[in-house]
Amino acid sequence: MWLFYAPDIETAHELPQTEAVHAVRVLRLKEGNEISITDGQGNMYRAVLTACTPKKCLVDILEKTEQPALWKGRICVAVAPAKMMERNEWFVEKAVEIGIDRISFMRTCNSERCNINAERIERIAVAAMKQSYKATLPQFDNMVSFSDIVNTPFDGVKCIAHLEPGRKQLLQDVLRPNTDTLVLIGPEGDFSPAEIELALANGFEPVSLGPSRLRTETAALVACHIANLKNQIR
C-alpha cells in the first residue's frame, strides 16, 4: 500500500500539497483508494481518499496504529559534513533506511563545509522513511558547533571515532544493548588534537571503526549500522 507523510494528519485530514501531487499526478489515485499515512512521530494511519485534485487530497482515517519499536535506545550520530553535498545526502538517506534517531551536522576545526541545505536534507529523509516503511522521522540538527555537542549532557554511551594514535576499542565492543548511543565522526582531515582532548575530558570514549580508512559519510553510516545492530529488538 502507498505510504504518504502528513505530520498533522490527525487534525487536518489532508495530505500536504507535495504528497497530493504525487498521489494524483504520479500514482493516479482517486477517491475511494486506500492509502497508508505516517505522521513521522511513530504512528501509522490507514485512510481512504475522499476528495482528490492535483493540489489537494482529503482523507478519512480508518485506523491508527503505533509502529512497534525496531530498536531500543536512541541512536545519535554527529558528523562533520563532507565537502560534496551529495555525499551528505547519501548518508542521510541510508541512515534513515537503516534506522537512526538523530543526525547532527557539526562544525569542527577541519570542517570542509560550514552549511547544508536543511530543506533538501529533510526531503531526502522523508523519502527514505517512506521507502523503508518507517513511521518515525529522525531529528536533525543543522550545523551545531563541536563544543556544543560535547558539552551537552547525554545519558548514554558517548564515543568519538578518530585517527590519532592510541589505544582504542572497536565501536561494537564499546556499545551496550538497549542504551542511548552518541557517536562523533570527524571531517576528512580528522578532529584536531584539541577537539579530541575536549571530547575525552567530557566522557567520550575513543573508538575505532576498523582498520580501513573510511570517508566521512561512510564512517558515519558504519557507526549508525553498528549501533542499530547492537540495539535491534529480537
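Biologist: How many helices and strands does the chain have?
Modeller: This is a predicted model. The chain has 8 helices and 11 strands. Its C-alpha atoms fill a box of roughly 65 × 35 × 30 Å along the principal axes.

Biologist: What share of the chain counts as buried?
Modeller: Of the 234 residues, 47% count as buried. The cut-off is under 20% relative accessible area. The accessible surface of the chain comes to about 11700 Å². Carbon and sulfur atoms hold 49% of that surface.

Biologist: What share of the contacts joins residues 24 or more positions apart?
Modeller: Among contacts with a separation of 6 or more, such residues account for 75%.

Biologist: Why is S192 called buried?
Modeller: Buried means under 20% relative accessible area. S192 has 11% relative accessibility, so S192 counts as buried.

Biologist: Where is S192, and what does S192 touch?
Modeller: S192 sits in the loop between strand 10 (181–185) and helix 7 (193–201). Leaving out residues up to four places away in sequence, S192 touches C109 and N110. A contact here needs heavy atoms within 4.5 Å.

Biologist: Which residues of helix 2 are buried?
Modeller: In helix 2 (residues 17–26), E19, A20, A23 and V24 are buried.

Biologist: How do you know whether the buried residues of helix 2 line one face?
Modeller: Look down the axis of helix 2. The buried residues fall within an arc of 115°, so they line one face of the helix. The face turned away from the buried side carries the exposed residues T18 and V26. Exposed means over 50% relative accessible area.

Biologist: What covers the buried residues of helix 2?
Modeller: The cover includes strand 1 (3–5), strand 3 (43–53), strand 4 (56–66) and helix 4 (118–131).

Biologist: Which residues line the largest cavity?
Modeller: The lining consists of V79, A80, P81, A82, N88, F91, F105, T216, E217 and A220. Helix 3 (85–98) and helix 8 (216–231) are the elements that give two or more residues. Helix 8 gives the largest share, 3 residues.

Biologist: How does the lining of the largest cavity divide into nonpolar, polar and charged?
Modeller: It divides into 7 nonpolar, 2 polar and 1 charged. Glu counts as charged, and the lining includes E217.

Methods: Residues are numbered from 1 along each chain as its sequence is written. This is a predicted model: local features need pLDDT of at least 70, side-chain atom pairs count only at pLDDT 80 or more; totals for chains, interfaces and linings use all residues. Side-chain values use heavy atoms; hydrogens and water are left out. On a 1 Å grid over the protein atoms alone, a cavity is a set of points where a 1.4 Å probe fits but cannot get out, and a pocket is an open set with protein on both sides within 12 Å along at least five of seven lines; lining residues have an atom within 4 Å of a point. Helices (H or I, at least four residues) and strands (E, at least two) are DSSP runs, numbered from the N terminus. Buried means under 20% relative accessible area, exposed over 50%, partly exposed in between (1.4 Å probe, protein chains only). The arc is that of the directions from the helix axis to the C-beta atoms. Accessible areas come from the Shrake-Rupley method with a 1.4 Å probe; for residues, only the protein chains shown count as cover.
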